[in-house]
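Let's take a walk through this model together, starting with the overall picture and ending with a couple of individual residues. Keep the structure open beside you as you read.

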Amino acid sequence: MIDVQTRTKDPTDIPVGPEPAGVAVTPDGKTAFVENNGNGTVSTIDVQTRTKDPTDIPVGPGAFGGVAVTPDGKTAFVANDDNGTVSTIDVQTRTKDPTDIPIGPGAFGAVKVTPDGSSVFIANGLSRMVSTIDVKTRTKHPTDIDVGAIPVGVAFTPCRR
C-alpha cells in the first residue's frame with residue numbers, strides 16, 4: 001500500500017494470491033478486492049487492519065486485470081479472460097454467484113461500473129469490443145461496442161447537461 005499524503009510505500013507487503021492483476025476498494029473504503037490471475041481467485045483485504053482474509057474467493061480461470069465494485073458497495077464484478085465470462089461476488093458475504101455472465105473472448109481489460117451503478121463496462125482486449133452488463137438483471141447487452149484494436153481501459157467523463 002502507498003500512503004498518498006507522504007508518497008511512500010508501506011514497508012510490509014500484504015501477501016495475496018499469485019499474479020495479482022487488478023484491485024478495487026469498496027466505496028466505504030473498508031475492503032479491497034484483489035484479482036489473482038495466477039489461480040483464478042479474488043483475495044479480500046481489511047484496509048484498516050491491513051489483513052487478508054485467509055480464504056480467497058474462486059472466480060474462474062484467467063481472472064485478469066478487471067475488478068470493480070458497485071457504488072452501493074453490494075457487488076464486485078470480475079472479468080475471467082480464459083472462459084469469456086464475468087463473475088459477481090456478494091461483497092457482504094464474500095460469496096460468488098454460481099452463474100457467471102458470458103461476455104465473449106478476450107475479457108482481459110478494465111471492468112468499470114457507471115457512476116449511477118446501473119451498468120458495467122468491460123474492455124475485451126482480444127475482440128476489439130467493449131461489453132456492457134445491466135447490474136440489476138445481471139445480463140449482457142446483446143450488442144457489443146466496436147472500439148478498435150486491443151481495448152484495455154474504460155473511463156467515464158462527468159455528465160454535462
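Begin with how the chain folds back on itself: among the contacts with a separation of 6 or more, 36% join residues 24 or more positions apart. What you're looking at is a predicted model, and its secondary structure comes to zero helices and 17 strands. The chain's radius of gyration is 15 Å, which agrees with the value near 15 Å that a compact globule of 161 residues would have. Along its principal axes, the C-alpha trace spans about 45 × 40 × 30 Å. As for burial, 39% of the 161 residues count as buried.

How far can you trust the prediction? The average pLDDT over the chain is 91, and 98% of the residues score at least 70. Confidence is lowest in strand β8 (residues 63-69), with a mean of 83, and highest in strand β11 (residues 95-96), at 97.

Strand β3 (residues 20-25) pairs with β4 in the antiparallel sense, over five bridges. Their hairpin has five residues between the strands, and there Gly29 takes a positive phi near 75°. On its other pairing, β4 meets strand β5 (residues 41-46), again antiparallel, over six bridges. This hairpin has four residues between the strands, with Gly40 at a positive phi near 65°.

Next, look inside. The largest nonpolar core has 13 residues, and those touching the most other members are Phe77, Val86, Ile103, Val111, Val120, Ile122 and Ile133. Two or more residues each come from β9 (75-80), β13 (111-113) and β14 (119-124). Pick out Ile122 and, leaving aside residues up to four places away in sequence, you'll find that Ile122 touches Ala79, Val86, Ile103, Ala107, Ala110, Val111, Met129, Val130, Ser131 and Ile133. There is also a second, separate core of 12 residues, which includes Ala24, Ile57, Val67 and Ile89.

Two residues are worth a stop of their own. Thr114 sits in the loop between β13 and β14. Is Thr114 buried or exposed? Its relative accessibility is 10%, so Thr114 counts as buried, the cut-off being under 20%. The Thr114 side chain makes a polar contact with the side chain of Asp116, at 2.7 Å. Beyond its neighbours within four places in sequence, Thr114 is in contact with Pro71, Ser119, Phe121 and Phe156.

The other stop is Val154, in the segment after β17 (145-146). Val154 has a relative accessible area of 15%, so by that under-20% cut-off Val154 is buried as well. What does Val154 contact, leaving aside neighbours within four places in sequence? The partners are Ala110, Lys112, Phe121 and Ala123. Phe121, then, is in contact with Val154 and also with Thr114.

Conventions: Residues numbered from 1 in each chain as written. Predicted model: local features only at pLDDT ≥ 70, side-chain atom pairs only at ≥ 80, totals over all residues. Heavy atoms only, no water. Core = buried A, V, L, I, M, F, W, Y, C linked by side-chain atoms within 4.5 Å. Buried < 20%, exposed > 50% of the residue type's maximum accessible area, 1.4 Å probe, protein only. Contact = heavy atoms within 4.5 Å. Pairing = 2+ DSSP bridges. pLDDT = per-residue confidence, 0-100. Polar contact = N/O pair within 3.5 Å; in protein donor to acceptor, adjacent residues only side chain to side chain. Rg over C-alpha atoms; globule rule 2.2 N^0.38 Å.
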